[in-house]
Amino acid sequence: MADSRQMFKSGQAKGEAQAKTEEWIESAKDTANAAREKTCEAAQSAADSAEQGQQQAAGFLQQTGEQIKNMAQGAADSVKQTLGMGGQSKK
């Protein structure tokens with residue numbers, strides 16, 4: 001009878017250990033999935049920020065280009081008027 005009890009307790013301990021191991025594995029999987037999701041979210045956020053920065057830079061460069069063009073046109077008009085070639089300027 002002692003053997004039966006020992007075998008029962010041994011089997012019970014093995015079952016409990018197996019259940020605990022499966023619990024830890026599931027917990028590790030959940031943690032890994034949560035980390036993966038957060039990494040994906042962070043990567044998407046970084047991509048969105050980079051895209052927004054590119055759009056702002058493009059807008060700034062276009063605006064600066066327009067300003068330089070207008071300044072150059074104004075300088076050309078001033079030179080033409082100074083030399084008597086002015087008349088009406090075309091914009």
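Analyst: A residue counts as partly exposed when its relative accessible area falls between the buried limit, under 20%, and the exposed limit, over 50%. The model is a predicted one. Lys20 has a relative accessible area of 38%, so Lys20 is partly exposed.

The side chain of Lys20 forms a salt bridge with the side chain of Glu23, at 3.6 Å from N to O. The cut-off for such a pair is 4 Å between a side-chain nitrogen of Lys or Arg and a carboxyl oxygen of Asp or Glu. Both Lys20 and Glu23 belong to helix α1, which covers residues 2–82. Three residues separate Lys20 from Glu23, about one turn of the helix.

The other pair to describe is Lys29 with Glu26, whose side chains meet in a salt bridge at 3.9 Å, N to O. Lys29 and Glu26 also lie in helix α1, three residues apart, or about one turn of the helix. Lys29 has 47% relative accessibility and therefore counts as partly exposed. Glu26 is partly exposed as well, because its relative accessible area is 42%. By the salt-bridge rule the count comes to two. Side chains of opposite charge can pair when their charged atoms come close.

The fold around the pairs consists of one helix and zero strands. The radius of gyration is 38 Å, well over the 12 Å that the globule rule gives for 91 residues, so the protein is more spread out than a compact globule. Along the principal axes, the C-alpha atoms fill a box of roughly 125 × 15 × 5 Å.

Of the 91 residues, 1% count as buried. The accessible surface comes to about 8300 Å², and 56% of that surface belongs to carbon and sulfur atoms.

Apart from the charged pairs, there is a nonpolar surface patch to note. Val79, Leu83 and Met85 make this patch, which has an area of about 340 Å². Val79 is placed in helix α1. With 47% relative accessibility, Val79 counts as partly exposed.

Notes. Residues numbered from 1 in each chain as written. Predicted model: local features only at pLDDT ≥ 70, side-chain atom pairs only at ≥ 80, totals over all residues. Heavy atoms only, no water. Helix = DSSP H or I, 4+ residues; strand = E, 2+ residues; numbered from the N terminus. Buried < 20%, exposed > 50% of the residue type's maximum accessible area, 1.4 Å probe, protein only. Patch = residues over 30% accessible without salt bridge, like charges linked within 9 Å, V, L, I, M, F, W, Y side chains within 5 Å. Areas by Shrake-Rupley, 256 points an atom, 1.4 Å probe, with all protein chains shown as cover. Rg over C-alpha atoms; globule rule 2.2 N^0.38 Å.
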